[in-house]
Amino acid sequence: MGFRSPLGRAIGAGSAKSGFEHWWGQRVSAAGLGLLGLWFVVSILGVDLGDHAAVSAWIASMPHATLLILLVVTLLYHSNLGINVVLEDYVHGGKLVFSLAVVRFVHVVMAVAAIYSIVKLSLGVQA
Amino acid sequence: MAQANRPLSPHLGIYRWQVSNTLSILHRMSGMFLTLGALVLTAWLVAAASGAPAYAALAGLLKSPLGMLALFGWSLAFFYHLCNGIRHLFWDAGRGFTIPGSRATGWTAVIAAGVLTLAFWVVVLTGSGS
């Protein structure tokens with residue numbers, strides 16, 4: 001990536017000496033989400049969303065299962081970073097630390113639940 | 001030390017409302033709304049994996065008028081955040097900073113989001129996707 005000087009990168013320079021990963025990760029996940037999100041929105045048009053068996057089969061089959069896991073991870077990573085930026089603007093001090101932790105916790109729970117569900121359907125385990 | 005009556009830099013009230021700040025605010029709002037959408041996407045996957053009764057309950061909720069309105073909102077938020085996000089990526093690469101240019105790309109993003117949302121719902125409601 002060409003946004004930093006080699007020296008700046010080596011000594012960890014920057015206004016706060018850190019935070020570049022956050023900025024860069026938000027951009028990279030944005031680009032990934034553009035592709036994965038469009039794939040998802042176009043693909044679900046071909047699925048009968050009222051039919052549980054059809055939906056389950058669609059989620060479970062390849063390459064949908066893999067792409068859905070990638071979508072969920074990228075989406076929740078990007079969402080967590082985005083909500084962080086909003087919180088950093090409006091919440092301060094100890095409340096900020098606490099709310100960042102809560103938001104990350106919720107995102108991790110969503111990611112685990114979503115990935116577990118996709119894998120479960122994909123491996124054909126009946127509920 | 002906190003001083004009363006210290007001169008302040010111009011705040012929001014002094015600026016004229018315009019396209020650039022409206023779209024910026026909408027980008028943030030659509031992003032936050034899409035986080036709620038991520039919650040529904042997760043619920044959709046969990047419900048599908050939990051069996052037919054759980055799935056039917058969620059599908060019934062989303063098929064209600066309020067559910068459909070929310071889904072329409074999420075589709076609009078998705079397409080807007082996508083189109084305006086592409087604008088942001090160009091700015092991050094140092095392009096598109098002129099005032100007429102950013103106004104033009106801003107309106108382009110709004111129109112593209114509207115067209116994509118309408119196209120999406122036309123396919124959904126006419127059932128031409130399946």
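**Before you start**

Residues are numbered from 1 along each chain as its sequence is written, while chains are lettered from A and ligands numbered from 1 in the order in which they are written. Since the model is predicted, local features need pLDDT of at least 70 and side-chain atom pairs count only at pLDDT 80 or more, whereas totals for chains, interfaces and linings use all residues.

**Stop 1: select chain A**

Colour chain A by secondary structure. Chain A has five helices and zero strands; from the N terminus on, its elements run α-α-α-α-α. (Helices are DSSP runs of H or I with at least four residues, strands are runs of E with at least two, and both are numbered from the N terminus.)

Along its principal axes, the C-alpha trace of chain A spans about 55 × 35 × 25 Å. The radius of gyration of chain A is 19 Å, while a compact globule of 127 residues would have one near 14 Å. (This radius is taken over C-alpha atoms, and the globule rule is 2.2 Å times the number of residues to the power 0.38.)

How many of the 127 residues of chain A count as buried? The share is 22%. (A residue is buried if 20 or more other C-beta atoms lie within 10 Å of its own, exposed if 12 or fewer, and partly exposed in between; the C-beta atoms are placed from the backbone.)

**Stop 2: select chain B**

Chain B has four helices and zero strands, in the order α-α-α-α from the N terminus. The radius of gyration of chain B is 20 Å, well over the 14 Å from the globule rule for 130 residues, so chain B is more spread out than a compact globule. Its C-alpha atoms fill a box of roughly 65 × 40 × 30 Å along the principal axes. Buried residues make up 23% of the 130 residues in chain B.

**Stop 3: show both chains and look where they touch**

The contact takes 29 residues from chain A and 27 residues from chain B. (Two residues are in contact if their C-beta atoms, placed from the backbone, lie within 7 Å.) On the side of chain A that touches chain B, α2 (20-43), α3 (52-60), α4 (64-90) and α5 (94-122) each supply at least two residues. Which helix gives the most to this side of chain A? It is α5(A), with seven residues. By class, this side of chain A has 17 nonpolar, nine polar and three charged residues. (Ala, Val, Leu, Ile, Met, Phe, Trp, Tyr, Cys and Pro count as nonpolar, Asp, Glu, Lys and Arg as charged, and the others, Gly among them, as polar.)

**Stop 4: select α3 of chain A**

Show the side chains of A:H52, A:V55, A:S56, A:W58 and A:I59, which are buried in α3(A). Seen down the axis of α3(A), these buried residues fall within an arc of 160 degrees, so they line one face of the helix. (The arc is that of the directions from the helix axis to the C-beta atoms.) An α-helix has 3.6 residues a turn, so residues three or four places apart point the same way. The buried residues of α3(A) pack against α4 and α5 of chain A, together with α1 (19-50) and α2 (52-63) of chain B.

**Stop 5: move along to α4 of chain A**

On the way, zoom in on A:P63, in the loop between α3 and α4 of chain A. A cis peptide bond joins A:M62 and A:P63, with omega about 0 degrees.

The helix α4(A) has 27 residues and reaches 38 Å from its first C-alpha to its last, close to the 39 Å expected at 1.5 Å a residue. (The expected span is 1.5 Å times one less than the number of residues.) Buried residues of α4(A) include A:L68, A:L71 and A:L75. The buried residues of α4(A) pack against α2, α3 and α5 of chain A together with α1 of chain B.

**Stop 6**

Select A:I118, in helix α5 of chain A. Is A:I118 buried or exposed? With 24 C-beta neighbours inside 10 Å, A:I118 counts as buried. Leaving aside residues up to four places away in sequence, A:I118 touches A:I59, A:A65, A:L68, A:I69 and B:L45.

Finally, select A:L49, in the loop between α2 and α3 of chain A. A:L49 is partly exposed, with 18 other C-beta atoms within 10 Å. Not counting residues up to four places away in sequence, A:L49 touches A:I44, A:V55 and B:A59.
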